[in-house]
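Let's take a walk through this model, one neighbourhood at a time. Have the sequence and the 3D view open as you read.

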Amino acid sequence: MKKIYLTFLVLFSFYGYSQSQSEKNLKQGQYSNPIFAGDYPDPSLLRDGKDYYVVHSSFDYYPGLLIWHSTDLMNWEPVTNALHKYVGAVWAPDLIKYNNKYYIYFPANNTNFVVTADSINGPWSEPVDLKIGNIDPGHITDDKGNRFLYFSNGGYVALSKDGLSVTSELKHVYDGWKIPREWSIECFCMEGPKLFKRGEYYYLTVAEGGTAGPATSHMVISARSKSPFGPWENSPHNPIVRTNSSSETWWSKGHSTIFEDVNGKWWMIFHGYEKDYYNLGRQTLLQPVEWTKEGWYKIPDNIETDKPIVKPEGKTLPEFSLSDNFEGSALKPQWKFYNGMEASRFKVANNTLTIEGKGDGVGNSSPLVVVPGGHSYSAEVEMEIEGDAIGGLTLFYDNRYYSGILADQNNILANLRGWQFPTEKNTHTRKVFLKLKNIKNTVDMFYSLDGKDWKKIENSVEVSGYNHNVLSGFLGLRIGLCSIGKGNVKFRNFVYKTL
């Protein structure tokens with residue numbers, strides 16, 4: 001399996017997040033955030049012995065619930081997707097292990113589901129509907145092995161021993177931490193409960209303040225109790241993490257999981273928006289926490305999210321590339337179809353990905369997408385058009401908002417925020433290469449007949465506005481391969497480069 005390699009010595013992070021070493025001022029043994037650049041929100045982390053696993057919200061992109069593996073918290077490899085059946089937009093999951101079995105609890109379509117596996121590598125079960133509303137389930141067990149799920153409203157339910165059904169009514173036990181009225185926030189919006197036990201206390205970590213909105217909205221809140229049922233005492237160090245000013249690099253920081261690493265050190269994994277790059281979505285961040293003599297966790301005084309941090313210890317992993325020559329007979333796990341996956345619609349063979357056309361435009365074509373993570377990058381692909389299909393390379397937010405370059409049998413088409421038109425006529429005969437070059441949110445578009453001699457089209461697009469504060473949806477801008485209409489599009493040699 002190809003793997004991700006993220007070491008402090010290279011000048012880029014996950015999927016090509018790029019800043020110079022002089023800007024970051026990194027020294028040997030340090031790292032800089034993010035650890036997952038791009039649209040990787042609501043991280044839930046499980047430490048399983050010497051291994052770490054993370055899963056994120058996957059929304060309407062399927063297969064969903066992509067699990068990542070690391071041995072040092074810096075270097076990550078994709079393992080497998082745990083969800084294939086479409087159940088709606090998947091939000092804020094919780095990955096846990098109980099009695100040598102793995103579980104992911106997640107909300108979708110106004111209910112909550114669970115999938116299970118005997119191995120983290122799968123196979124994962126079909127989703128089981130727990131038939132209870134609310135969002136952001138957080139799992140905890142008591143000292144007797146009884147299981148409970150907390151939700152964003154400060155309530156909990158009991159679970160059956162197998163974790164596949166709810167066995168009690170919802171009971172409200174936590175009201176959150178009162179946010180000063182003079183602070184600029186989006187809303188109180190308590191969410192993302194994550195729980196663990198240390199010593200005699202259970203610790204409950206939640207997010208408050210709203211996921212987006214003002215830069216100073218989202219924050220990490222901590223409480224503790226000697227019982228998983230409360231009463232909960234709020235930490236004197238609240239908010240544990242918060243963006244205090246829009247001048248900071250990372251905005252709306254929240255939705256945290258607290259955990260102990262294999263070396264006995266404690267960490268917080270959470271998400272945040274990057275200033276000036278809201279359209280990358282909520283990126284995954286990491287920083288250490290320390291324990292006070294009174295038994296509270298807090299951020300060490302010398303730690304800032306956007307400054308160099310001493311990295312955890314661990315073994316690095318071989319390099320992973322987002323580029324794909326479509327070898328083998330299956331899609332690599334980083335690829336997702338928007339609005340559900342139809343296995344009968346695509347085929348991987350002979351270094352070619354063939355996708356059957358769908359819909360009459362980019363928005364309803366269910367494009368195949370990957371997550372970029374850099375401020376500046378290029379993406380290119382070779383296409384062959386069959387029948388009356390139209391193929392495309394786009395930057396895709398959702399089925400309403402997208403831009404890119406496309407091709408039919410003979411013409412190059414531009415799509416600017418949904419306005420699609422021929423921009424270069426009679427340029428090719430069904431075979432063509434397309435390229436997007438995104439330089440700090442200004443996107444130029446190119447085509448080529450041989451993949452070497454590139455011609456820029458007249459049209460460019462500015463994409464900074466493709467973000468949640470403008471469009472809603474909590475999404476990030478992704479690179480999409482489109483197959484539209486009646487016919488097929490064959491894709492070869494997808495190449496992604498950081499610039």
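## Starting at Ser-252

In which strand is Ser-252 found? Ser-252 is part of strand β20, which covers residues 250-260; strands here are DSSP E runs of at least two residues, numbered from the N terminus. Before going further, note that this is a predicted model, in which local features need pLDDT of at least 70 and side-chain atom pairs count only at pLDDT 80 or more, while totals for chains, interfaces and linings use all residues. Residues are numbered from 1 along each chain as its sequence is written, and side-chain values use heavy atoms, with hydrogens and water left out.

Is Ser-252 buried or exposed? Its relative accessibility is 0%, so Ser-252 counts as buried (buried means under 20% relative accessible area, exposed over 50% and partly exposed in between, with a 1.4 Å probe and protein chains only). Setting aside neighbours within four places in sequence, the contacts of Ser-252 include Thr-211, His-218, Thr-243, His-271 and Tyr-278; contact means heavy atoms within 4.5 Å.

## The annotated pair

UniProt, in an unreviewed entry, puts the feature "active site" at Asp-42 and Glu-191. UniProt positions follow the numbering used here, feature names are shortened, and annotations may be inferred rather than shown by experiment. The two positions are spread over 150 residues of sequence, yet they cluster in space, with a largest C-alpha distance of 10.3 Å.

Asp-42 sits in the loop between β1 (30-31) and β2 (44-48), and with 3% relative accessibility it counts as buried. Beyond its neighbours within four places in sequence, Asp-42 is in contact with residues including His-56, Pro-93, His-255 and Arg-282. Glu-191 belongs to strand β15, residues 191-198. At 12% relative accessibility, Glu-191 is buried as well. Not counting residues up to four places away in sequence, Glu-191 touches Asp-136, Ser-152 and His-255, among others.

## Hairpin and sheet

β2 pairs with strand β3 (residues 51-55) in the antiparallel sense over five bridges; for strands to pair, DSSP must find at least two bridges between them. Arg-47 has Tyr-52 in β3 as its bridge partner. Together β2 and β3 make a hairpin with two residues between them, and Gly-49 in the turn has a positive phi of about 70°.

Further along, an open sheet of four strands runs in the order β7-β8-β9-β10 with antiparallel pairing. Its edge strands, each pairing on one side only, are β7 (94-98) and β10 (128-129). Strand β8 (residues 101-108) is joined to β9 (residues 111-117) by seven bridges, and Tyr-102 stands opposite Ala-117 in β9.

Rings of Phe, Tyr and Trp (its six-membered ring) pair if their centres lie within 6.5 Å; planes under 30 degrees apart count as stacked, over 60 as edge-to-face and the rest as tilted. Take Phe-36 and Trp-76: their ring centres are 5.1 Å apart and their planes are at 45°, so this pair is tilted. Phe-36 is in the loop between β1 and β2 and Trp-76 in strand β6 (residues 76-83), so the pair ties together parts 40 residues apart in sequence. Phe-36 and Trp-76 are both buried. Phe-326 and Trp-335 form a tilted pair too, at 6.0 Å centre to centre and 35° between the planes.

Ring pairs also link Phe-196, Tyr-201, Tyr-203, Trp-266, Trp-291 and Tyr-297 into a cluster. Arg-198 lies over the face of Trp-291, 3.9 Å from the ring centre. A charge sits over a ring if NZ of Lys or CZ of Arg is within 6 Å of the ring centre and within 35 degrees of the ring normal. Arg-242 does likewise over Trp-183, at 3.9 Å from the ring centre.

In soluble globular proteins, nonpolar side chains tend to be buried together. Here the largest nonpolar core has 57 residues, and Leu-353, Leu-393 and Phe-494 are among those with the most contacts inside it. Strand β29 (residues 376-396) supplies the largest share of this core, ten residues. A nonpolar core is a set of buried Ala, Val, Leu, Ile, Met, Phe, Trp, Tyr and Cys residues joined through side-chain atoms within 4.5 Å. A second, separate core of 35 residues includes Phe-196, Trp-266, Ile-269 and Ile-299.
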